[in-house]
2 protein chains.
Amino acid sequence: MTATRIMLEESEIPKHWYNVIADMPNPPLPPLGPDGKPVGPEQMGVIFPDTILEQEMSGERWIAIPEEVREAYRLWRPTPLIRALRLERALGTPAKIYYKYEGVSPTGSHKPNSAVPQAYLNKIAGVKRLVTETGAGQWGSSLAFAGQMFGIAVRIYMVKISYDQKPFRRSMMQTWGAEVFASPSNMTNTGRKYLAENPDNEGSLGIAISEAVEEAASRADTKYALGSVLNHVLLHQTVIGLEAKKQLEKVGDYPDMIFAPCGGGSNFAGIAFPFFADKAAGKKVRLVAVEPTSCPTLTKGIYAYDYGDASGFTPLMKMYTLGHDFMPPGIHAGGLRYHGDSPLVSQLYHEKLIEAIAVPQVATFQAGVSCHAVRACIDEALRCKESGEPKTLLFNLSGHGHFDMASYDRYFAGKLEDYDYPVEAVKASLAHLPKVG
Amino acid sequence: MTATRIMLEESEIPKHWYNVIADMPNPPLPPLGPDGKPVGPEQMGVIFPDTILEQEMSGERWIAIPEEVREAYRLWRPTPLIRALRLERALGTPAKIYYKYEGVSPTGSHKPNSAVPQAYLNKIAGVKRLVTETGAGQWGSSLAFAGQMFGIAVRIYMVKISYDQKPFRRSMMQTWGAEVFASPSNMTNTGRKYLAENPDNEGSLGIAISEAVEEAASRADTKYALGSVLNHVLLHQTVIGLEAKKQLEKVGDYPDMIFAPCGGGSNFAGIAFPFFADKAAGKKVRLVAVEPTSCPTLTKGIYAYDYGDASGFTPLMKMYTLGHDFMPPGIHAGGLRYHGDSPLVSQLYHEKLIEAIAVPQVATFQAGVSCHAVRACIDEALRCKESGEPKTLLFNLSGHGHFDMASYDRYFAGKLEDYDYPVEAVKASLAHLPKVG
């Protein structure tokens, strides 16, 4: 009988995270200050502790996972790798479809993979309080959970439209003891500025990041935590791909193509980077980042130095961007509404080492789950049906959609619409890019 | 390092369900018709296929799990057994606390353990359409999922208060292709009768069962499915306890006490019955059913022949009951609001082979999760702290609370109140019991 769920033992949870920087053909471009000069650890130290910066800057291929973090991972890891036999049959494809399922975590997504080590690394650095932002709420609830686990107070700025649309995500964060405020809020200069311009501002990740960074920079007892984009976050997520590779080995398989949704990049990097190591060593594997057409950072943005937040508090990072003042439409894919992308993912895409495609949201719902990568994988499986190729496809199902059911209601009611972020808007937004790099 | 998550291989999914009837000191009392005579398969055959009735009536200790069902189980089984080390530390108890976690299933609860075999057994009997009821929505979504899997149309009568309070559960059922109606509905004689008496009737499981049974009995193409109470449902759920026992064996442990929430009995039977086999063979293990004080069937009801539904369409079953016209208050614990209990659980309780306790809902929320058994287990762990006894405790965490977050909001707002179902109301309700048995 073909294995459906491929499991690993607790002892097989990876002991190291994989750092893609070690295998990149070119070193990553450094973050810059507004003066165009590289930003050093002393400046970053205002919002991050040394324990985090050490990982952020590291070029080591393997970075040890602290035992305390592995112990926490064991609450839900190793996660299952599942062969989607029924989907294969329903599509009538000769392709084999596997997915790694991260929805079994306590918060229902892959985000605790980084929230837990971040809380731990802050704790051992003596930090008592963390502040962050959240879009759809996956990252916020994960940091709330991790903060509770290691005794760190957590405050969260939640993008207003999600704060209103997903009250239960908010309750979940409060259940784990975090404070949650709708962003833009009246608690920061950034928030007050946006509210003065438009009291009905629906918010964006860019604004929420500005609020969180502003607060962290202004309070000595508080550091900042980010749920995607940065090197150390992508590093933590590689437990996903490292496990998936081991699981595929157990059934003697290896993927031809890997699909993952790409917002800030942590989901994609988590499943794809460990396979990039093989690709760098000459192995044939295609890594495909899937993004929504309504926020087409890689496929329609440009590769430039830009701020990570709306107000320009963060260093400038070389990345694909739609412009830091990008104000996304109120689309479903809350977590994929970031104007930029991880610098590492951006550079690999720029160097044509990975691929990217954009899919519209209605087709995504037709794929049956709230996951853009599933749509892309189904499309590929249908192409295999045409061509007869028995490819092995792998996608990352980064979470369950239990807090997205309101969007399903809109989909069933025929009220969910596709939105192509217009090229003119991208161009207008990019006109404000800082002139550095 | 102490194991946190104890996993099994796919090949260790049980090959047989355990039938507690084989180990009961006295045979189960038969269901009776209104005439006081035992109801035979020919009468039950109106609403159930032979394949189900065969299991319902069986006295065999082990009943083989069909390969198609085991294949479907593999989507989420074996489920993890987790050592709650952090809870032990937080309580400072010498007790060891384990829980079996059924929330990893596609619908987030233990209910698909029976929905899948029921859909399969109906399919091989040639049934094309199933009708059922649901309270909180766990059973309804599980049957919708199972129906989708085996190509069977599913219609669900959902208790009105839950239909209104849990719109996303409803969307979930619709996502799996089921039709969902608020009960009482105007589609059945039963529903119309209750609506005529009170158009704002909030519904009850008893009424919803009557509606579903009425429809199944009146349509030749349709059979009925029940998510708890009956022998075959409890049988299917024993995969939980069979796995848990094997998992505890792996770490060389055995429970002193087992706790599970008890509404209709399927959750409790699932984890506890396989250990009853050991108890029957002389082993010391205490099995504790935990119910809400607002619906105290075992702890305040009486052991008598009563109907399973509000209208009296079902056979009379000997069980602990609050009376079939019990109209529960609109409490949180939607799934535990059934007037009766499984006849098997009832008989074991009556014969003092298992125990039962009732806990109030505010204390349940203080225990941090929407699960009455957790509260009971914590209370026992705290007693162990007093006495110094290093007991091994096991509870069944039958699902995640992602669709119960509205109740958490009420709890945080201080609006959640305890409700002791008054003894006078129990007495009044029991006055209407049929005079048989």
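Which residues of helix α8 (residues 167-175) of chain A are buried? They are Phe168(A), Arg169(A), Ser171(A), Met172(A) and Met173(A). Buried means under 20% relative accessible area, with a 1.4 Å probe and protein chains only. This is a predicted model, where local features need pLDDT of at least 70. Residues are numbered from 1 along each chain as its sequence is written, and chains are lettered from A in the order in which they are written.

**Helices α6 and α8 of chain B**

- Helix α6 (residues 138-150) and helix α8 (residues 167-175) of chain B have axes that come within 8 Å and cross at roughly 15°. Axes are lines fitted to C-alpha atoms, for helices over the stretch in contact, and angles run from 0 to 180 degrees between N-to-C directions.
- α6(B) is therefore roughly parallel to α8(B), a label for angles under 35 degrees.
- From α6(B), the contact (heavy atoms within 4.5 Å) uses Gln138(B), Gly140(B), Ser141(B) and Ala144(B). From α8(B), Arg169(B), Met172(B) and Met173(B) take part.

**The sheet of chain A**

- Seven strands form an open sheet with mixed pairing, in the order β1-β4-β5-β15-β10-β11-β14. Strands are DSSP runs (E, at least two residues), and helices are runs of H or I with at least four.
- β1 (5-6) and β14 (355-359) of chain A stand at the edges with a single partner strand each, so one side of each has no neighbour in the sheet.
- β1(A) pairs with β4 (residues 81-83) of chain A in the antiparallel sense, over two bridges. Pairing requires at least two bridges found by DSSP.
- Arg5(A) stands opposite Ile82(A) in β4(A).

Note on methods:
Predicted model: local features only at pLDDT ≥ 70, side-chain atom pairs only at ≥ 80, totals over all residues. Heavy atoms only, no water. Buried < 20%, exposed > 50% of the residue type's maximum accessible area, 1.4 Å probe, protein only. Parallel < 35°, antiparallel > 145°, perpendicular 65-115°, else oblique.
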